[in-house]
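Me: Please take a close look at one part of this model and describe how it sits in the chain. I would like the answer as one connected account, with the cut-offs stated where they apply.

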Amino acid sequence: VKSPEDGPSLWLSVSLLCLTWETAPMNARFLNVFGILSSFFSLALCLKESIEEALTFSALGESNVEDAAHFSNLRNPRQAYGQVFTTTLIGLFFLVTTLVRLLGIWVCPSHILIISSLSCV
């Protein structure tokens with residue numbers, strides 16, 4: 001993922017929105033939602049690039065990765081594939097769980113949804 005801070009930024013922005021939903025003025029809510037959308041789209045674009053890179057690695061196969069001009073600067077192609085796969089999974093985790101938490105604003109009376117138990121505070 002080219003911008004690893006997008007995941008935690010998205011998570012913290014949703015936390016701030018959940019905690020201040022009832023007390024924040026409308027313009028503060030708008031700014032929070034704008035920040036969430038910005039982080040969401042940035043993370044989605046980075047994940048798209050990571051998934052394309054992972055698919056390129058798997059399409060080339062282990063024997064051809066070392067010969068590919070695009071990946072000629074890699075010392076260990078298998079390790080690079082593992083890094084791309086891991087960062088993609090972490091990014092997907094932040095994306096999916098944050099969207100679920102965002103739904104908690106409207107589902108839960110307290111506006112805070114706990115992911116581990118899928119219950120409201």
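Reply: Helices are DSSP runs of H or I of at least four residues, strands are DSSP runs of E of at least two, and both are numbered from the N terminus. L95 is found in helix 3, and that helix, residues 77-107, is the part followed here. This is a predicted model, in which local features need pLDDT of at least 70, side-chain atom pairs count only at pLDDT 80 or more, and totals for chains, interfaces and linings use all residues. Residues are numbered from 1 along each chain as its sequence is written, and side-chain values use heavy atoms, with hydrogens and water left out.

Some context comes before the detail. The protein has three helices and two strands, in the order α-α-α-β-β along the sequence. Its average pLDDT (the predictor's confidence in each residue, from 0 to 100) is 79, and 76% of the residues score at least 70. Among the elements, the highest mean pLDDT, 89, belongs to helix 1 (residues 6-20), and the lowest, 80, to helix 2 (residues 26-65). Of the 121 residues, 33% count as buried (under 20% relative accessible area, with exposed meaning over 50% and partly exposed in between, for a 1.4 Å probe and protein chains only). Among contacts (heavy atoms within 4.5 Å) between residues at least 6 apart in sequence, 59% join residues at least 24 apart.

L95 of helix 3 counts as buried because its relative accessibility is 12%. Leaving aside neighbours within four places in sequence, L95 is in contact with L10, F40, L43 and L47.

A relative accessible area of 10% is why T97 counts as buried. Setting aside neighbours within four places in sequence, T97 touches W11 and I115.

The accessible surface of the protein (Shrake-Rupley method, 1.4 Å probe; for residues, only the protein chains shown count as cover) comes to about 7800 Å², with 67% belonging to carbon and sulfur atoms. I51, L55, F85, L89 and L92 make a nonpolar surface patch of about 440 Å². Helix 2 and helix 3 are the elements that give two or more residues to the patch, and helix 3 supplies the largest share, three residues. Patches are built from residues with over 30% relative accessible area and no salt bridge, joining like charges within 9 Å and nonpolar side chains (Val, Leu, Ile, Met, Phe, Trp, Tyr) within 5 Å. L55, one of the patch residues, lies in helix 2 and counts as exposed because its relative accessible area is 53%.

The side chains of E52 and K48 meet in a salt bridge, 3.0 Å from N to O (the rule is a side-chain nitrogen of Lys or Arg within 4 Å of a carboxyl oxygen of Asp or Glu). The count by this rule is one. E52 and K48 are four residues apart in helix 2, about one turn of the helix. E52 is partly exposed at 41% relative accessibility, and K48 is likewise partly exposed, at 47%.

C108 is in the loop between helix 3 and strand 1 (113-114), and C120 is in strand 2 (residues 119-120), so that the pair, 12 residues apart, links distant parts of the chain. The torsion about the S-S bond is about -80°, so the disulfide is left-handed. C108 is buried, at 3% relative accessibility, whereas C120 is partly exposed, at 32%. The cysteine sulfur closest to that of C18 is in C108, but at 8.5 Å it is too far for a bond. C18 is itself buried, with a relative accessible area of 6%, and C46 is buried at 8%.

Note on methods
A disulfide is a pair of cysteine sulfur atoms within 2.5 Å.
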